[in-house]
Amino acid sequence: MATRTFNPYPIIGTQLTDGMEAISKSLKATSTVDDLADAIYKYIQPIYYPAPVSTQVQIEIKSVVYNVINAYNNQILQGYDDEQMIIIGMMLGPTTTDKTPINSLDMWFENIEDNISEAGLSLEDQMPLLLAIEVEKTIYNYWITKVATPGNWSKFFQPQTGLNYANIPFWVEACTEGALIGGNASDKGLIAPTTDIVSVDIVSALIGALAIGAGKVIFKWVPRIQPIQLSMETPDGLVIGGYSLAMQGGNIQALGTKTNKKDCIVVNNCDGGNCNYGCNRL
């Protein structure tokens with residue numbers, strides 16, 4: 001009998017919800033982004049960097065928060081190849097935000113998770129995607145619960161419950177994007193390794209999820225319009241972190257990917273069940 005896909009990072013889901021609770025408890029309606037960075041540092045430090053803690057560690061942890069926020073607001077999602085971007089497009093695309101009933105999103109996320117291990121990706125390439133989908137599943141269930149019983153989040157919510165419920169897909173998407181930005185920010189991560197590079201990616205993904213997952217709700221961030229969005233037509237498509245994914249008739253076009261840079265449109269033509277990758281120069 002076939003077994004389901006096992007996500008190796010369930011503890012990140014627990015740490016995410018605990019961190020969101022800590023942030024909502026410590027911040028006020030008048031709090032600033034610096035306050036958010038302080039709250040995330042105070043939560044992350046004892047878990048991953050036991051005392052005594054150097055000034056360098058404090059600077060590095062907070063720098064992840066600010067770097068991820070800057071990347072989110074400027075739509076920068078880098079370091080992923082074409083195959084990974086297709087799955088990321090499922091996590092952050094219109095099926096998540098527009099085309100699936102909010103009370104059915106959990107089934108969509110489980111479907112994505114199951115397909116990550118079947119996409120032919122290496123274990124290394126699967127890692128940030130599995131981290132992100134664990135974040136996506138967890139934060140979805142968290143917001144479903146919090147909309148019903150806000151607790152400390154009430155000071156950041158809209159007065160009408162229906163508006164908060166309608167915002168869940170966008171809050172979920174933002175938190176997931178934060179995890180993706182943090183989890184694959186660079187070859188060396190954003191924090192100096194304490195054990196090995198894998199742990200750095202995991203910590204950065206968690207920090208990114210907390211920073212954008214909480215910040216989106218508290219500060220109501222809307223990412224800036226990017227030049228590629230003004231210069232390229234992508235009917236029925238989406239833009240993820242400066243990448244434009246246009247989906248028409250079974251074709252997925254990733255503009256400006258890691259492999260082909262900004263002067264190439266990578267076309268994945270899946271019409272008729274045959275997928276062929278090619279590069280059309282702009």
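Axes here are lines fitted to C-alpha atoms, for helices over the stretch in contact, and angles run from 0 to 180 degrees between N-to-C directions. This is a predicted model: local features need pLDDT of at least 70, side-chain atom pairs count only at pLDDT 80 or more, and totals for chains, interfaces and linings use all residues. Residues are numbered from 1 along each chain as its sequence is written, and side-chain values use heavy atoms, with hydrogens and water left out.

Q: Why is α7 called roughly antiparallel to α8?
A: Angles under 35 degrees count as roughly parallel, over 145 as roughly antiparallel, 65 to 115 as roughly perpendicular and the rest as oblique. The axes of α7 (residues 123–148) and α8 (residues 161–183) cross at roughly 160 degrees and come within 9 Å. That makes the two helices roughly antiparallel.

Q: Which residues make the contact of α7 with α8?
A: Contact means heavy atoms within 4.5 Å. From α7 the residues include L129, I139 and W143. From α8 they include I168, W171 and L180.

Q: What kinds of residue make up that contact of α7 with α8?
A: Ala, Val, Leu, Ile, Met, Phe, Trp, Tyr, Cys and Pro count as nonpolar, Asp, Glu, Lys and Arg as charged, and the others, Gly among them, as polar. By that rule, 16 are nonpolar, 4 polar and 1 charged.

Q: Why are α4 and α7 called roughly parallel?
A: Helix α4 (residues 82–92) packs with α7 at about 5 degrees, their axes 11 Å apart. The two helices are therefore roughly parallel to each other. Q84, I87, I88 and M91 of α4 meet D125, P128, L129, A132, I133 and E136 of α7. These residues divide into 7 nonpolar, 1 polar and 2 charged.

Q: What makes W143 and W153 an aromatic pair, and of what kind?
A: Rings of Phe, Tyr and Trp (its six-membered ring) pair if their centres lie within 6.5 Å; planes under 30 degrees apart count as stacked, over 60 as edge-to-face and the rest as tilted. W143 and W153 are 4.9 Å centre to centre, with 75 degrees between the planes, and form an edge-to-face pair. W143 lies in α7 and W153 in the loop between α7 and α8, so the pair ties together parts that are 10 residues apart in sequence. Ring pairs also link Y142, W143, W153, F156, F157 and W171 into a cluster.

Q: Where do Q75 and K220 lie, and how does the definition class them?
A: Q75 lies in the loop between α3 and α4. Its relative accessible area is 8%, so Q75 is buried. K220 is in the loop between α9 and α10 (227–231). At 46% relative accessibility, K220 counts as partly exposed. Phi of Q75 is near 55 degrees, a positive value in a residue other than glycine. K220, not a glycine either, has a positive phi of about 55 degrees.

Conventions
Helix = DSSP H or I, 4+ residues; strand = E, 2+ residues; numbered from the N terminus. Buried < 20%, exposed > 50% of the residue type's maximum accessible area, 1.4 Å probe, protein only.
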